[in-house]
Amino acid sequence: MAKSGRSQGGIIGKVNATSFGKCKVTPVTATGCFSTGGTTRAHVLVVAGGGSGGVDAGGGAGGGGLILQTCQTFTACSSIPITIGGGGPAAGPAAPQYQTPNSGYQGNDTVFDNPSNPITATGGGAGGKGPRAANPFTPGGSGGGGAASGPGGNESGTGNTPSSCSAYGVPQGNDGGTGAGPPGEAGGGGGGAGAVGGNASTPGVGAPGGAGSDVTPTFGCAPQPYYAANTPGAGATCTGYFAGGGGGGTHGPNACAKVGGVGGGGTGGTYHPSTWPNPTYQTGKSGAVNSGGGGGGSSAPGSQISGAGGSGMVLIKGLNYASGMWPQ
């Protein structure tokens with residue numbers, strides 16, 4: 001008579017856990033290295049820094065490029081370098097990063113430098129400059145919004161194209177919207193990882209930033225401690241969205257602030273000259289930290305700065321499929 005399950009093909013010895021930290025999510029918000037430990041597979045989210053908005057009814061900036069690779073493989077007990085891209089710095093005469101002609105700045109790339117399969121997300125595109133100069137918008141992870149109409153103003157940036165690596169599957173972002181005016185002047189919204197930026201309309205009605213991408217199907221329903229915190233003046237992030245576009249800036253008697261896209265995009269600034277000599281204004285808001293959100297466009301000519309881009313981040317969800325048994 002059998003005394004135990006062992007003679008019937010039962011497991012001998014201690015049962016090995018199916019994972020060394022299976023499904024544990026590790027957020028990386030600063031440049032450094034990720035130690036894989038026993039994990040050899042993971043879902044990896046890479047978000048670049050957002051661009052900064054343009055000045056003078058400028059366009060909202062594009063959200064940082066966003067790439068999600070599922071089941072990426074790497075060597076156990078190794079160290080993977082990670083570079084977190086910063087957001088583009090604020091632009092404008094009052095900013096220490098003053099530049100001419102006051103378009104925004106592109107965000108910086110975020111790199112997950114797995115030797116066997118590196119991932120690089122491209123920084124978000126800058127918002128365009130307003131109607132008193134050309135509009136040197138830039139492409140990026142998502143395109144920056146076009147500025148108010150003027151010489152070259154009624155245009156918008158374009159989102160980045162997919163990587164040549166088929167594993168990326170989809171583009172990193174979307175196009176920015178177009179600017180408008182006169183009467184009134186308004187910038188287009190920056191593109192987000194999940195949607196295009198809005199188009200501005202007259203008189204002086206700015207456009208919202210495009211929505212970011214929802215990563216909750218992979219990393220869990222919101223809220224989670226590793227989702228970026230919500231920030232005043234920026235689209236919600238604790239809901240599990242990343243890389244929203246910035247809202248366009250507006251200038252005119254009917255100026256109305258337009259929100260940044262969900263996923264950390266900064267709200268655009270407003271300027272009401274009708275109340276001169278004491279005009280009322282709101283500055284462009286910055287993208288949320290570690291969201292990849294684009295900065296909002298600035299409002300007033302020659303006096304206000306735009307919103308800076310939000311920095312990027314990396315999320316790594318370990319998927320170690322080890323199974324079997326340990327000897328006693």
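Q: Leaving aside neighbours within four places in sequence, which residues is Ala 207 in contact with?
A: Contact means heavy atoms within 4.5 Å. By that rule, Ala 207 touches Gly 187, Gly 188, Gly 189, Gly 198, Asn 199, Ala 200, Gly 247, Gly 248 and Lys 258, leaving aside its neighbours within four places in sequence. This is a predicted model, where local features need pLDDT of at least 70, side-chain atom pairs count only at pLDDT 80 or more, and totals for chains, interfaces and linings use all residues. Residues are numbered from 1 along each chain as its sequence is written, and side-chain values use heavy atoms, with hydrogens and water left out.

Q: Is Ala 207 buried or exposed?
A: Buried means under 20% relative accessible area, exposed over 50%, and partly exposed in between (1.4 Å probe, protein chains only). Ala 207 has 0%, so it is buried.

Q: What does the side chain of Ser 299 reach?
A: A polar contact is a pair of N or O atoms within 3.5 Å; within protein, one must be able to donate a hydrogen and the other to accept it, and residues adjacent in sequence count only if both atoms are side-chain atoms. The Ser 299 side chain reaches the backbone oxygen of Thr 270 at 3.1 Å. Ser 299 is also buried, at 0%.

Q: What is the strand order in the open sheet of four strands?
A: Strands of a sheet pair through backbone hydrogen bonds, either parallel or antiparallel. Strands (E, at least two residues) are DSSP runs, numbered from the N terminus. Two strands pair if DSSP finds at least two bridges between them. Here the order is S2-S15-S4-S5, with antiparallel pairing. Strands S2 (25-28) and S5 (66-73) are the edges, each pairing on one side only.
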